[in-house]
Amino acid sequence: MSTSKIVMKIVSISFSILVFVLIIFGFFKLGGFAYDFGYRVFTEQPVAKEPGKDVIVQIEKGMSGDEIATLLEDKGLITDANLFRVQLKLSSYDGKLLPGVYTLNTSMTAKEMMQCMAASDKEKDTEKSSTEKKSTEKNSEEQSSEK
């Protein structure tokens with residue numbers, strides 16, 4: 001064998017090893033990114049701590065989840081629209097966000113925002129009336145215990 005053939009063989013093997021190492025490195029980086037993104041889907045924290053800042057958001061009829069995610073990111077309520085899209089798809093609120101004007105807070109999680117935007121006026125009234133009913137029952141109990 002000539003020296004040029006030996007050198008070419010060594011270069012060829014070295015190049016193959018380099019490509020293999022780069023592929024392995026790419027898989028590790030991709031795996032790390034996928035893990036981090038998946039972890040954030042279920043553990044994403046609010047943008048700000050309590051009390052946060054109130055932001056008024058208007059959801060138009062026919063807006064898609066992608067458009068809502070972009071709107072919330074533009075308003076500073078979420079940090080990553082792509083993450084919100086995935087959270088919405090995996091939640092029970094996908095396709096259930098209602099048009100309207102909402103006052104959301106930067107201290108709310110994505111799930112809390114989805115709950116707020118998916119609650120109909122009837123559900124809000126029901127929640128309010130059940131809270132009022134509990135308050136009335138508590139007051140009547142206090143009055144009867146005073147007698």
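What is the volume of the largest cavity? The largest cavity has a volume of about 110 Å³. This is a predicted model, and every value below is computed from it.

## The cavity

The count comes to 1 cavity of 30 Å³ or more. Its lining is made by 15 residues, and the closest to the centre are Glu 44, Gln 45, Ile 78, Thr 79 and Ala 110. H3 has the largest share, with 3 residues. By class, the cavity lining divides into 9 nonpolar, 4 polar and 2 charged residues.

## Overall layout

The protein chain holds 5 helices and 2 strands. Read from the N terminus, the order of elements is α-β-α-α-β-α-α. The chain has 147 residues, and 20% of them are buried. Consider next the contacts with a separation of 6 or more: 60% of them join residues 24 or more positions apart.

| Space | Volume |
|---|---|
| Largest pocket | about 290 Å³ |
| Second largest pocket | about 180 Å³ |
| Largest cavity | about 110 Å³ |

The largest pocket is lined by 13 residues. Val 41, Phe 42, Gln 87, Lys 111 and Met 114 lie nearest its centre. Three helices each supply at least two lining residues: H1 (3-43), H3 (81-90) and H4 (110-118). The lining of the largest pocket has 6 nonpolar, 5 polar and 2 charged residues.

The second largest pocket is lined by 17 residues. Nearest its centre are Met 63, Ser 64, Gly 65, Leu 88 and Gly 95. Here the helices that each supply at least two lining residues are H2 (65-74) and H3. The classes in this lining are 6 nonpolar, 4 polar and 7 charged.

Is Gln 87 buried or exposed? Gln 87 counts as buried because its relative accessibility is 11%, and the cut-off for buried is under 20%. Gln 87 sits in helix H3 and is one of the residues nearest the centre of the largest pocket.

Which backbone atom does the side chain of Gln 87 reach? It reaches the backbone oxygen of Val 41, at 3.1 Å. Val 41 is also among the residues nearest the centre of the largest pocket.

Beyond its neighbours within four places in sequence, Gln 87 is in contact with Arg 40, Val 41, Glu 44, Ala 110 and Met 114. Some of these names have come up already. Met 114 lies with Val 41 among the residues nearest the centre of the largest pocket. Glu 44 and Ala 110 are among the residues closest to the centre of the cavity.

## Thr 43 in helix H1

Thr 43 lies in helix H1. Its relative accessible area is 31%, so Thr 43 is partly exposed. Thr 43 and Thr 109 are 66 residues apart along the chain. Their C-alpha atoms are separated by 9.5 Å.

How many aromatic pairs does the structure hold? There are 2.

Phe 33 and Phe 37 are 4 residues apart in helix H1, so about one helical turn separates them. Phe 33 counts as exposed, at 56% relative accessibility.

The other pair is Tyr 35 and Tyr 39. Its ring centres are 6.2 Å apart and its planes stand at 25°, so this pair is stacked too. Tyr 35 and Tyr 39 are 4 residues apart in helix H1, and about one helical turn lies between them.

Why does Tyr 35 count as exposed? Its relative accessible area is 56%, and exposed means over 50%. Tyr 39 is at 48% relative accessibility, so Tyr 39 counts as partly exposed.

Key: Residues are numbered from 1 along each chain as its sequence is written. This is a predicted model: local features need pLDDT of at least 70, side-chain atom pairs count only at pLDDT 80 or more; totals for chains, interfaces and linings use all residues. Side-chain values use heavy atoms; hydrogens and water are left out. On a 1 Å grid over the protein atoms alone, a cavity is a set of points where a 1.4 Å probe fits but cannot get out, and a pocket is an open set with protein on both sides within 12 Å along at least five of seven lines; lining residues have an atom within 4 Å of a point. Grid points are joined across faces, edges and corners, and a volume is the space filled by probe spheres set on the points. Ala, Val, Leu, Ile, Met, Phe, Trp, Tyr, Cys and Pro count as nonpolar, Asp, Glu, Lys and Arg as charged, and the others, Gly among them, as polar. Buried means under 20% relative accessible area, exposed over 50%, partly exposed in between (1.4 Å probe, protein chains only). A polar contact is a pair of N or O atoms within 3.5 Å; within protein, one must be able to donate a hydrogen and the other to accept it, and residues adjacent in sequence count only if both atoms are side-chain atoms. Contact means heavy atoms within 4.5 Å. Rings of Phe, Tyr and Trp (its six-membered ring) pair if their centres lie within 6.5 Å; planes under 30 degrees apart count as stacked, over 60 as edge-to-face and the rest as tilted.
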